[in-house]
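Trainee: Could you take me through how to read the features of a structure, one at a time?

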Amino acid sequence: MALGADRYATRGDTLVFLGCVALSLVAMSLPAGTRDPLASGLRRTVLLPFLQLQNQSELLRTSRTRFAQVVAERDSAVLATAFQGELRAENVRLRALLGLGTRLGSGFVPAEVLHQAIPTEALTVVISAGTRQGVRQLAPVVSPEGLLGIVKATEGGTSVVATWAHPDFRASGMAADGSIFGILAPHGASERGVWLLELRGVPYRQVVPPGTVILTSGFGGVLPRGLPVGTVVGIASESEWERTYLVRPAVPPGAVSHVMVLGMQLGADLGGAFAPDSQKATP
Amino acid sequence: MRRGEPLRFWLVLALLVALQFSIRSRLGNDRVAPDFLLLALLIYTIRERPGASAAAGFVVGLLRDALTPASFGAGALAHTLVGYLSAWSKAVFFAENLLVNGGLFFAGTWLRNMVVAFASGKLAGPQMMWELLVWSPLQGLTTAITGVLVLVLFRHWLAIRLGES
């Protein structure tokens, strides 16, 4: 059969089209309480084999790199074992002296980001870990560079993460030295199309220089203290008594492929858990 | 229709769906890489009536919405529109030409992204401009090139006459 070039839309076609448009509009106007279970049901049933395929593909893609890393780590481990006892004792002494906590000591769940090809994909991403792996709602999701977002919904083997770019995202932020506090919220895109955050509500008399690293403050009851969020790049707006600063996020949602879902207590301070590289100024 | 043609047609569509969830993430920037799922829908609309194409678009869009809940419903609307208009335009423009098909794939991708961007209400200002003027055209281009390659490679399996317009 070749193309049927002799057909136009019949009345039946038009009715089906209008019906689908109407259903789409209904879907758009559904309240979150109805919409989220529906989306979750689709992910757990029809989409499950496709998500598993995507997850396997992601694992395969990184397996070669991981193999090289594992070999390198094994070699390093063999070398390190010669000094392990002495190093451990020294480490314990130093921790006791400096009062440092262990890095992410209360556990995390690793996951792959399953990217989709939709313009709004940066706002919510699907990851390959769910309730079976111990992921819970509102858990912080981080990459080695810093905060990506929080878990919005969980299923058996997948979860939906609302990234910092989501319009509903809010977090209490502070300068790395704890001198300045404000509320972090998505700003939208810069003129060059780079998605940015805002640090709102900073008192006018407190000047935040470009390059200042912004961390989560731990206030608000969702995110722990000390997660790198981004770096101040300029002033967005100012009023008589406060300034709003632009923050370049540490983690671009479209570029991240592997994440960790944190499972520690809310009172934890993660300021020392992230590599110093992620807290360097990148204006 | 020759024997076995429907099976081979669906095999090509299934291959495109599998590519979407397997190798797409390896093809560079996520906003530019070809959208195999949309391509499967557009190829489906080449042979189907506008009503069936709209329904297929709705189903595909709704499934995609489940993976990007920030714009739930917007994907269903966008894919419904693209499916219907694609099937309708094929009938109107009598398009059995490779370039016309490539143009259809490009326009379909761009239109889909535009409708999602507007209907979701989550993009505005420079974000919207960059999406519509940079990322969507680039994704449309890669999708169109991939679509043309698929049509050339599988023209007999898809039972599509090309170059006869």
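**Reading the contact and the helices**

Mentor: Bear in mind that this is a predicted model. The contact between the chains draws 60 residues from chain B and 50 residues from chain A.

Trainee: Which elements give two or more residues to the side of chain B that touches chain A?

Mentor: In chain B they are α1 (5-22), α2 (36-47), α3, α4 (74-93), α5 (98-120) and α6 (126-153), and α3(B) supplies the largest share of that side, eleven residues. By class, the side of chain B that touches chain A is made up of 34 nonpolar, twelve polar and 14 charged residues.

Trainee: What span should helix α3 of chain B have, and how far apart are its end C-alpha atoms?

Mentor: Helix α3 of chain B covers residues 50-67, and because each residue counts for 1.5 Å, its 18 residues should span 26 Å, which agrees with the 26 Å between its end C-alpha atoms.

Trainee: How are two packed helices described?

Mentor: One gives the angle between their axes and the distance between the axes. Here the axes of α2(B) and α6(B) come within 10 Å and cross at roughly 50°, so the two helices are oblique to each other, and α2(B) passes α6(B) in a right-handed crossing.

Trainee: Which residues of α2(B) and α6(B) meet?

Mentor: From α2(B), B:Leu38, B:Leu39 and B:Leu42 meet B:Thr143, B:Thr146, B:Gly147 and B:Val150 of α6(B); sorted by class, this contact has four nonpolar, three polar and no charged residues.

Note on methods:
Residues numbered from 1 in each chain as written. Chains lettered and ligands numbered in written order. Predicted model: local features only at pLDDT ≥ 70, side-chain atom pairs only at ≥ 80, totals over all residues. Helix = DSSP H or I, 4+ residues; strand = E, 2+ residues; numbered from the N terminus. Expected span 1.5 Å × (residues − 1). Contact = placed C-beta atoms within 7 Å. Nonpolar A, V, L, I, M, F, W, Y, C, P; charged D, E, K, R; others polar. Axes fitted to C-alpha atoms, helices over the stretch in contact; angles between N-to-C directions. Parallel < 35°, antiparallel > 145°, perpendicular 65-115°, else oblique. Left-handed = near helix turned anticlockwise from the far one by under 90°.
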